[in-house]
Amino acid sequence: MKLLSNSKIKNSKVLMRVDFNVPIKNGNITDATRILNALPSIQYLLKNNNAIVLISHLGRPKRKSKKESLFIVYKYLVKLLEFPVFFSEQIIGDEVDKKKENLKLGEVLLIENIRFENKEKLENNNFEKNIFFAKQLANQMDFFVNEAFACSHRESSSMTLLPMLFSKKKLAGFLLEKEIKYLNKAKHNSLKPFTAIIGGSKISTKIKLIKKLLIICDNIILGGAMAHTFIVFLKGKVGSSLFEEDQLLEAANILKEAKKYNCKIHLPIDCVSTQKISNNQIIQFRKINKVPNNEMSVDIGPDSLNLFHKIIIESKTILWNGPMGIFELSAFSNGTRMIANSISKATELGSYSIIGGGDSIAAINSFNENFKFSYLSTGGGAMLEFFKKDNLPAISALAE
Ligand code: ADP
Ligand code: MG
């Protein structure tokens with residue numbers, strides 16, 4: 001695989017796929033980590049007299065929507081970069097082609113949310129459509145750079161087809177290179193006990209990954225909404241908590257497989273329970289399998305934290321993805337903060353810790369504490385997939 005850090009690209013037009021899928025609240029970017037992480041590659045290319053066209057997605061829009069427009073990121077880039085930045089509402093077509101043509105060396109053009117185009121999604125029986133779309137994206141461009149580790153586990157026109165169109169002129173950006181290096185270190189030299197901590201809300205996508213993780217892990221700690229699916233399978237009552245009915249069999253399967261591979265699955269025993277998701281609510285600590293119908297579990301409780309701390313502090317390799325509760329509200333952020341604290345302590349004692357995921361990183365940043373971790377990855381799903389597979393589709397596409 002070619003690396004941007006080894007290249008001497010000059011006077012060229014570079015198409016860069018980034019992951020600017022940042023959290024936004026009330027029209028403000030609440031955590032710009034993902035943008036800042038791509039900055040070294042962007043600055044490097046601009047300083048070497050190249051023009052850059054940036055492609056990204058934001059959220060999971062089904063169609064064009066103001067809420068998921070990248071215009072807000074454009075405004076942020078204008079302030080951030082000392083180079084001229086332009087925006088194209090059009091993703092493919094005459095208008096954007098003209099903008100690409102007029103783009104001078106040392107300038108940046110950000111293209112609107114790639115997911116506004118349904119051809120970004122790969123369709124089995126409509127491959128020509130996808131290729132046609134990718135070709136238009138690649139119009140006039142000399143090089144392709146993948147700087148979007150966080151979506152490298154997904155196949156899509158911009159992630160896996162674009163590299164095919166650039167034969168030898170495709171490279172891994174600084175961030176992608178760094179992610180691969182640090183994650184490989186944990187994957188290949190992981191000291192035992194190896195503990196994975198999985199939380200968050202993307203249950204169905206992550207539950208499949210747990211199946212693979214249990215082969216290499218000694219412990220898997222589950223928190224967040226993820227855990228509820230398991231509690232329900234074990235006949236617990238989770239009230240109106242978020243869980244996925246259609247993943248119950250999957251949960252059963254995981255518990256069975258874990259036994260086979262000698263991996264211990266640790267579920268929360270108590271939770272923070274509330275009637276409404278807002279800060280000024282009456283909260284109760286309840287057993288996680290005894291949540292009344294009109295309440296929901298929104299964070300893990302003190303007994304769970306105690307139990308999890310003991311496991312984490314004894315672990316030599318720690319992998320964490322997904323918050324333990326609805327950390328966006330301070331009343332429900334304690335579980336996530338305390339887990340971060342335990343991992344930080346273990347790291348100080350010499351363990352190797354990797355934390356990943358857009359929301360997980362946003363949570364850690366919001367606590368504003370001097371935690372110590374070995375590596376923060378921009379990938380959530382991508383980071384977990386990286387551990388289970390030899391390679392990720394978009395990274396393979398870059399190497400071919
Ligand atoms: P990441 O981006 O780090 O991979 P996810 O996107 O999977 O993490 O999950 C983050 C989301 O999970 C947060 O928005 C958080 O509010 C939500 N979440 C965590 N615990 C719960 C819970 N108990 N109930 C509902 N949502 C939860
Ligand atoms: Mg997320």
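Me: What makes Glu120 count as buried or exposed?

Reply: This is a predicted model, and in it Glu120 has a relative accessibility of 5%. Buried means under 20% relative accessible area, so Glu120 counts as buried.

Me: How do you know that the side chains of Glu120 and Arg17 meet in a salt bridge?

Reply: The distance from N to O is 3.8 Å. The cut-off for a salt bridge is a nitrogen of Lys or Arg within 4 Å of a carboxyl oxygen of Asp or Glu, so the pair of Glu120 and Arg17 qualifies. Glu120 lies in the loop between strand 6 (108-111) and helix 4 (127-138), while Arg17 lies in strand 1 (residues 13-18), so the pair ties together parts 103 residues apart in sequence. Arg17 has 1% relative accessibility and therefore counts as buried.

Me: How many salt bridges does the structure hold?

Reply: The structure holds 9 salt bridges. One of them joins the side chains of Asp218 and Lys192, at 3.5 Å from N to O.

Me: Why is it said that Asp218 and Lys192 tie parts together?

Reply: Asp218 is in the loop between helix 7 (203-216) and strand 10 (219-222), and Lys192 is in the loop between helix 6 (174-188) and strand 9 (194-198), so their pair ties together parts that are 26 residues apart in sequence. Asp218 has a relative accessible area of 22% and is partly exposed. Lys192, with 49%, is partly exposed as well, because exposed means over 50%.

Me: What makes the pair of Glu295 and Arg286 a salt bridge?

Reply: Their side chains meet at 2.7 Å, N to O, and the cut-off is within 4 Å. Glu295 has 7% relative accessibility and counts as buried, whereas Arg286 has 25% and counts as partly exposed.

Me: Where is Met296, and why is Met296 called buried?

Reply: Met296 is in strand 16 (residues 296-300). Its relative accessible area is 15%, and buried means under 20%, so the word applies to Met296. Met296 and Asp270 are 26 residues apart in sequence and 12 Å apart in space, C-alpha to C-alpha.

Me: Why are helix 10 and helix 11 called roughly parallel?

Reply: Helix 10 (residues 302-313) and helix 11 (residues 334-348) pack at an angle of about 25°, and their axes are 9 Å apart. Angles under 35 degrees count as roughly parallel, so helix 10 and helix 11 are roughly parallel to each other. Their crossing is right-handed.

Notes: Residues numbered from 1 in each chain as written. Chains lettered and ligands numbered in written order. Predicted model: local features only at pLDDT ≥ 70, side-chain atom pairs only at ≥ 80, totals over all residues. Heavy atoms only, no water. Axes fitted to C-alpha atoms, helices over the stretch in contact; angles between N-to-C directions. Helix = DSSP H or I, 4+ residues; strand = E, 2+ residues; numbered from the N terminus. Parallel < 35°, antiparallel > 145°, perpendicular 65-115°, else oblique. Left-handed = near helix turned anticlockwise from the far one by under 90°. Buried < 20%, exposed > 50% of the residue type's maximum accessible area, 1.4 Å probe, protein only.
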